Amino acid sequence: MEKSNQRISKLDGLRGLLSLVVTLNHSFLVLAIPAFANVWGQNVLEFHDWQSKIQQIMMILGNGGAAVTLFFILSGFVMGLSLNKFSKIGLLDTINFYIKRIIRLYPVYLFLVVVTAIYMWTIFVYKVYPSASTWYTWWMNFQMTVNEFFLNVFFIHTYLGGVTWTLRVILIASIIFPIFYLINRRTSKLVDLLLVILLIVLDFTIFNIPNFRDLRYLFMFYSGLIIAKFSKFFNSIPGWLIYVTSPFVIFLLLDIRYMTGEYTGGVVENIICWFIIGLLAYGQELRLFNFLETKFFKYLGKVSYSLYLTHFSVLYVLSKIMFDNLPNLPYQENYLIIHFIMWGLSLGITIILSSIIYRLVEKPALVLSSKLQIHLKEA
């Protein structure tokens with residue numbers, strides 16, 4: 001039991017690490033970079049100058065796409081473990097599962113929507129800044145009417161930040177997930193792998209709907225669900241093989257999407273992330289992963305959901321204050337150091353805010369979820 005708990009704490013630490021990766025990714029997107037529409041998407045072997053090369057390396061380390069893939073697979077794995085607690089998946093169990101997911105996802109998000117709406121109704125004025133990137137300029141370019149408020153509350157629109165779209169994906173996957181789970185209980189490991197392949201084909205064709213691509217990630221959630229069936233396989237992978245291959249595998253994970261494309265890269269990311277989570281959950285104990293169990297990463301893992309949701313808002317407001325009050329900064333000449341400063345400032349503020357939001361919003365919601373499940377069981 002102790003060993004299992006250690007592995008769960010590694011997954012908590014992984015959440016903390018992924019939250020850091022996403023904050024790094026967005027912090028290095030704020031400023032327009034002269035001569036490069038997409039410096040981090042350039043060939044890693046091509047050298048222009050040290051500033052752009054370090055910027056590119058930071059963006060590779062802060063690969064938001066790989067982080068989101070890990071989040072989705074991890075969500076599928078955790079939801080599968082949650083459903084495993086039920087002896088059978090009847091109507092009451094399914095309702096219980098949905099209530100737990102809604103209470104897990106909504107309170108912090110609703111808090112973010114309300115605070116953002118108040119900000120936009122009071123002091124916010126949208127501006128286009130000459131030194132801002134097109135990515136930064138795209139956000140918050142809408143009127144926060146009452147109608148728009150409710151469209152965002154119910155995930156019809158996801159305009160409030162760089163990660164809110166992922167919540168809609170997770171919510172949709174959560175609705176479908178009990179069906180995935182029932183299928184998974186009746187299938188072999190070979191059939192599960194074939195179903196993942198089938199979902200990949202469907203997700204990149206029929207489910208790849210223009211202006212609504214949320215279904216395109218379903219194969220990642222099913223990939224996470226089947227990890228538990230392969231526990232013996234992950235435990236059988238020798239430690240020396242992991243140590244020898246890990247540098248190449250990590251580089252491939254962080255750079256494959258830039259070397260290939262969104263679809264091929266997404267599939268390769270999925271495979272690598274599947275192995276990472278499987279090894280953390282069921283693999284041999286290796287020092288390679290011990291950093292995930294440090295107090296820092298475990299704490300970030302505890303507040304990771306609040307951190308993940310609020311970091312964009314903090315970064316956006318800080319950047320806006322910078323552009324408004326320091327218009328003459330040499331942004332184009334010193335974009336790298338400014339990005340580092342913005343990352344440090346926004347991360348520090350976000351960790352403090354996330355800790356407060358976790359205590360006042362997220363933790364009470366988790367307690368409420370547990371109480372409701374107990375009452376449902378008693379009923």
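This is a predicted model: local features need pLDDT of at least 70, side-chain atom pairs count only at pLDDT 80 or more; totals for chains, interfaces and linings use all residues.

Mentor: Residues are numbered from 1 along each chain as its sequence is written, and side-chain values use heavy atoms, with hydrogens and water left out.

Trainee: Is α4 roughly parallel or roughly antiparallel to α6?

Mentor: Helices are DSSP runs (H or I, at least four residues), numbered from the N terminus. For α4 (residues 91-122) and α6 (residues 146-153) the axes come within 10 Å and cross at roughly 160°. Angles under 35 degrees count as roughly parallel and over 145 as roughly antiparallel, so α4 to α6 is roughly antiparallel.

Trainee: Which residues of α6 make the contact with α4?

Mentor: Contact means heavy atoms within 4.5 Å. On the α4 side it is made by Y106, Y109, L110, V113, V114, A117 and W121. The α6 side supplies F149, N152 and V153.

Trainee: How is α4 oriented to α14, roughly parallel or roughly antiparallel?

Mentor: α14 covers residues 304-325, and its axis is 9 Å from that of α4. The two helices pack at an angle of about 15°. That makes α4 to α14 roughly parallel.

Trainee: What kind of aromatic pair do F72 and W165 form?

Mentor: Rings of Phe, Tyr and Trp (its six-membered ring) pair if their centres lie within 6.5 Å; planes under 30 degrees apart count as stacked, over 60 as edge-to-face and the rest as tilted. By this rule the count comes to 39 aromatic pairs. The centres of F72 and W165 are 6.3 Å apart and their planes are at 90°, so the pair is edge-to-face.

Trainee: How many residues apart in sequence are the parts that F72 and W165 tie together?

Mentor: F72 lies in helix α3 (residues 64-84). W165 lies in helix α7 (residues 164-184), so the parts tied together are separated in sequence by 93 residues.

Trainee: Are Y109 and F155 buried or exposed?

Mentor: Their rings are stacked, 4.3 Å centre to centre with 15° between the planes. Buried means under 20% relative accessible area, exposed over 50%, and partly exposed in between (1.4 Å probe, protein chains only). Both Y109 and F155 are buried.

Conventions:
Axes are lines fitted to C-alpha atoms, for helices over the stretch in contact, and angles run from 0 to 180 degrees between N-to-C directions. Angles under 35 degrees count as roughly parallel, over 145 as roughly antiparallel, 65 to 115 as roughly perpendicular and the rest as oblique.
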